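Let us walk through this protein together, from the overall picture down to a single residue. Have the sequence and the model in view as you read.

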Amino acid sequence: MALDQTAEIQMETAKTKETIPFWLAVSITVMFILPLGLYFGQYSLPLWVAFIVWAEYFALGANLGTIKTIIPAYTGGVFWGVLMILLYTWIAPHMTGASVYPMYIALFVGVSVMVYVMKYFKVFQTGSLPYFNGLSMLLAVYFTGAHPAFTTNAYVLVLLAGAYALAGGYLGWFIGWFNVTITFPRPIAPKPAASTRV
């Protein structure tokens, strides 16, 4: 015999709806930052660095909490990259006729230390993506010359590359946050599930 039972009301998981669609928010974000990479001559920021960290923002959760992982991990990666290129810059003049070997030495030593210290810092483990992207972005900025070059001092140029790699990375985190924020997400009231009868 079938008995009528009180139906349990099941609520859907709370959701949000974008006021501005995501695709449009992405385009607005690009237009918002584009001048920083176009109109300042040699002082223009390398926006491709920002775009990579922007993607990291989404890969690591797309919320404000990612700042606790992305910024310190990315900064650590850039820091090690700067030290590696400074080591390369120091070794290179002493190894005439073997221009590629100083880079092998600098990267071997630097990457070894960089990976070894990860076990002592949880943020470098959970943030391994921005950690290693910090290194790769520093190398890219340095070797493409995507930084000011108002001096010929090799050591200062390395530091300028580091500053611009950091600026691009920090901008990337900001535009990730900005991109989500300008969708103006609003909560949708949960709907009760359909009643069931047994």
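Of the protein's 198 residues, 35% count as buried, meaning under 20% relative accessible area with a 1.4 Å probe and protein chains only. This is a predicted model, in which local features need pLDDT of at least 70, side-chain atom pairs count only at pLDDT 80 or more, and totals for chains, interfaces and linings use all residues. Residues are numbered from 1 along each chain as its sequence is written, and side-chain values use heavy atoms, with hydrogens and water left out.

The secondary structure comes to seven helices and two strands; these are DSSP runs numbered from the N terminus, with at least four residues (H or I) for a helix and at least two (E) for a strand. From the N terminus on, the order is β-α-α-α-α-α-α-α-β. A contact means heavy atoms within 4.5 Å. Among contacts between residues at least 6 apart in sequence, 74% join residues at least 24 apart.

Now to how the helices pack. Two packed helices are described by the angle between their axes and the distance between the axes. Here the axes are lines fitted to C-alpha atoms over the stretch in contact, and angles run from 0 to 180 degrees between N-to-C directions.

Start with helix H3 (residues 67–91) and helix H7 (residues 154–181), whose axes come within 10 Å and cross at roughly 165°. That makes H3 roughly antiparallel to H7, a term for angles over 145 degrees. The residues making this contact include Ile67, Tyr74 and Trp90 of H3, and Ala154, Gly162 and Trp173 of H7. By class, the residues of this contact divide into 17 nonpolar, four polar and no charged. Ala, Val, Leu, Ile, Met, Phe, Trp, Tyr, Cys and Pro count as nonpolar, Asp, Glu, Lys and Arg as charged, and the others, Gly among them, as polar.

Next, look at helix H4 (residues 101–116) and H6, which pack at an angle of about 155° with their axes 12 Å apart. H4 and H6 are therefore roughly antiparallel to each other. Met103, Leu107, Val111, Met114 and Val115 in H4 meet Tyr131, Phe132, Leu135, Leu139 and Phe143 in H6. This contact of H4 with H6 has ten nonpolar, no polar and no charged residues.

Finally, find Asn133 in helix H6 (residues 128–144). Asn133 is buried, with a relative accessible area of 17%. Leaving aside residues up to four places away in sequence, Asn133 touches Ile52, Glu56 and Tyr74.

Definitions and conventions
Buried means under 20% relative accessible area, exposed over 50%, partly exposed in between (1.4 Å probe, protein chains only). Angles under 35 degrees count as roughly parallel, over 145 as roughly antiparallel, 65 to 115 as roughly perpendicular and the rest as oblique.
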